Amino acid sequence: MRYDIIIIGGGLAGVTAGLQLHKAGKRCLIISEGLSLHKTPKDEYIAAGGAFLPGDSVISGEWDGNALKAVRTRNLEGTRLEADHFILASGKFFSRGLVATMDAVIEPVFGCDVEFDSCRDKWYNDDFYAVQPFERFGVKPTEDGRVFIGGVPAANLWAAGEILAGETDIEQSALKIVSILVK
Amino acid sequence: MASQEYDVIIIGGGITGAGTARDCALRGLRTLLIERHDLAAGATGRNHGLLHSGARYAVTDSESAAECIRENTILRKIASNCVEETDGLFISLPEDDIEYRKTFIESCQRAGIKAEAIDPKDAIRMEPAVNPDIIGAVKVPDASVDPFRLTTANVLDATVHGAEVMTYSEVTGFIEENGRIVGVTVRNHRSGELSEMRSAVTVNAAGIWGHAIAELAGISIGMYPAKGSLLIFGHRVNRMVINRCRKPANADILVPGDVVCVIGTTSTKVPFEDCDDIRVTADEVNLLLEEGCKLAPSISHTRVLRAYAGVRPLVASDEDPTGRSISRGIVLLDHETRDGLPGLITITGGKLTSYRLMAEQATDLVCSKLGNVKKCETALRPLPGSEEEVGISRQSDSLGRKAAGNRHGARVFQMDFADKSEVVCECEHVTRAEIEYAIKFLDVHNLIDLRRRTRIGMGTCQGSFCMLRVATVLAQALGCPEKASEFVRQYVEERWKGLTPVCWGEGIREMEFMRKQYGK
């Protein structure tokens with residue numbers, strides 16, 4: 001199955017990117033593991049004919065050098081889902097875009113480089129109401145928004161939304177990648 | 001300033017103070033129990049919940065061991081509703097000295113503890129969660145005890161027999177007349193009111209905080225604050241208590257309780273000023289997990305629900321960097337003979353398992369000072385909830401009623417389930433009926449108190465899903481609906497403290513969710 005762009009994650013970043021890319025004439029697939037709480041852009045995307053795969057999650061990628069060729073999902077394991085570009089919008093810990101072990105934070109699907117503090121005692125703030133350091137952990141992308149894997153920038157895997165390190169404007173981070181991909 | 005007169009004032013609403021209040025009340029004394037925070041808020045609620053057989057101390061501290069097995073036997077009878085008779089295993093691993101087992105069994109037998117060597121294969125059959133590499137095992141009568149339930153039951157019985165209880169009330173000083181302690185000044189933290197409470201005898205049963213209480217009277221009792229950290233897992237992997245058959249060390253006891261299990265402890269000396277806000281470090285968590293996996297390997301992939309720590313009220317005898325070699329025996333100080341200050345005694349040291357004996361010894365001393373000759377009855381009289389069997393719950397009983405029967409024993413008959421059987425906390429099946437019962441009988445002022453009385457929010461969601469609903473129901477039932485959001489704030493902050501040391505895996509997911517739900 002071939003698409004122009006596959007978006008991993010059906011949260012605000014994923015559906016925002018999907019809707020705009022679809023409107024720009026790109027054939028998109030959004031793969032969404034959980035509930036999409038952002039019903040309006042999601043419904044609009046689907047109503048406009050965008051492809052949406054609910055209740056499924058990407059389990060592996062197929063690479064050619066630093067270019068991602070295809071992904072496979074848990075439910076459609078036999079199917080290669082190919083695309084020219086991929087957007088990683090799988091969120092932080094709650095949505096399992098990031099996984100914390102006892103001493104590291106990883107991006108579980110592609111092994112993207114993640115920024116985090118190496119000392120676990122510094123992952124949190126004792127004050128519940130303060131911004132938590134772990135809420136700032138995430139993928140640190142290239143200037144234009146592509147992920148690093150083992151220090152090397154991927155050619156066509158982009159990151160948007162909460163998976164990004166630092167303070168993120170979710171919609172803006174998605175629209176930034178849209179503007180590059182529709183050029 | 002308001003002033004009232006009692007025979008005895010007991011400072012500290014932990015298990016020791018609660019037990020002492022019950023004993024004093026049963027002997028007919030006009031009794032007042034004063035607690036700075038809530039019942040069981042200190043070391044009482046921050047331990048394994050292990051009803052020791054005494055085996056752990058048999059080799060190193062035979063006096064404590066003998067005390068433990070006597071009290072263990074008594075509590076199974078008088079507090080059947082708080083105790084689960086799990087039995088315990090002391091396991092030897094390949095790196096342990098198997099010869100120690102012989103000394104261990106002999107020491108247990110000398111202390112009157114039934115200790116039975118078990119073939120490793122039989123031990124694994126008995127307790128499938130145990131490390132399959134064991135080279136030896138000894139079965140002992142350890143059990144699991146719910147310290148919140150036990151404290152509540154003691155306080156409830158004390159009040160039934162006329163005792164008065166003041167929670168959220170802090171002793172700010174002693175009243176001294178003619179060289180004698182004749183009472184205390186108390187600040188009520190809820191009303192801000194200061195009052196005088198007078199008594200013939202005052203009992204300092206404040207655990208590690210007893211050090212500061214004694215200082216208020218100008219006395220030093222040389223306590224040794226030994227912090228012990230523990231981890232609680234999201235579900236129960238073991239049926240029996242699992243211990244390591246070696247000299248007591250770090251993280252060598254895994255205790256099941258209700259639907260969870262607890263690994264602990266560490267032991268480090270901490271400054272007195274830290275005792276009010278004790279936190280578990282990442283290093284301690286790592287050590288607990290590493291050692292805990294040697295007892296039951298499956299805990300390595302069981303979710304850690306939270307971490308907590310308590311401070312043992314040990315009395316220092318010599319310099320010992322960990323406090324492991326200080327006796328866990330009971331320390332009863334008569335400040336009249338020890339320091340020339342009549343009217344004040346201190347009961348400390350000891351253990352959760354030996355609380356009743358501590359209370360008996362303290363009450364005996366109080367009675368001897370008051371000329372009261374009534375004998376102690378606490379070893380014979382069942383605690384509220386344990387007087388009669390609840391009976392096998394009927395198939396038609398609601399889950400909430402079954403859960404309440406498990407928690408409160410025969411007291412479930414005092415709950416009114418008509419129209420109030422709706423479940424408010426799904427993890428622990430706490431109903432509106434149980435909440436209303438707790439408010440009526442068990443001195444509940446906020447959500448954290450309610451958690452200690454009913455296990456509300458103690459399950460796998462840690463209150464994330466039910467907190468708002470529970471806070472609303474509680475605030476309405478207390479007649480102060482405006483307090484609901486304050487209850488939530490207190491509760492979230494308390495839960496956060498337990499979550500931060502285990503901020504990985506499912507724990508960090510929980511934290512992110514909690515922040516999104518309640519953090520803004």
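Modeller: In chain B, 13 residues of domain 2 of chain B are in contact with 10 residues of domain 3 of chain B, two residues being in contact if their C-beta atoms, placed from the backbone, lie within 7 Å. On the side of domain 2 of chain B that touches domain 3 of chain B, α7 (282-295) and β18 (304-315) of chain B each contribute at least two residues; helices (H or I, at least four residues) and strands (E, at least two) are DSSP runs, numbered from the N terminus. The largest share of that side, five residues, is supplied by β18(B). By type, the side of domain 2 of chain B facing domain 3 of chain B comprises eight nonpolar, two polar and three charged residues (Ala, Val, Leu, Ile, Met, Phe, Trp, Tyr, Cys and Pro count as nonpolar, Asp, Glu, Lys and Arg as charged, and the others, Gly among them, as polar).

This is a predicted model, in which local features need pLDDT of at least 70 and side-chain atom pairs count only at pLDDT 80 or more, while totals for chains, interfaces and linings use all residues. Residues are numbered from 1 along each chain as its sequence is written, and chains are lettered from A and ligands numbered from 1 in the order in which they are written.

The centres of domain 2 of chain B and domain 3 of chain B, taken over C-alpha atoms, are 28 Å apart. The assignment for chain B lists domain 1 (3-43 + 148-222 + 328-370), domain 2 (83-143 + 224-315) and domain 3 (399-518), with bounds from an automatic or database domain assignment.

Elsewhere in chain B, Val171(B) lies in strand β10 (residues 169-177) of chain B. Val171(B) is buried, because 25 other C-beta atoms lie within 10 Å (buried means 20 or more other C-beta atoms within 10 Å of a residue's own, exposed 12 or fewer, and partly exposed in between, with C-beta atoms placed from the backbone). Leaving aside neighbours within four places in sequence, the contacts of Val171(B) are Ile11(B), Ile34(B), Val184(B), Val186(B) and Ile213(B). Arg56(B), by contrast, is 115 residues from Val171(B) in sequence and 36 Å from Val171(B) in space, C-alpha to C-alpha.

Between the chains, the contact takes 16 residues from chain A and 16 residues from chain B. The side of chain A that touches chain B consists of nine nonpolar, two polar and five charged residues.
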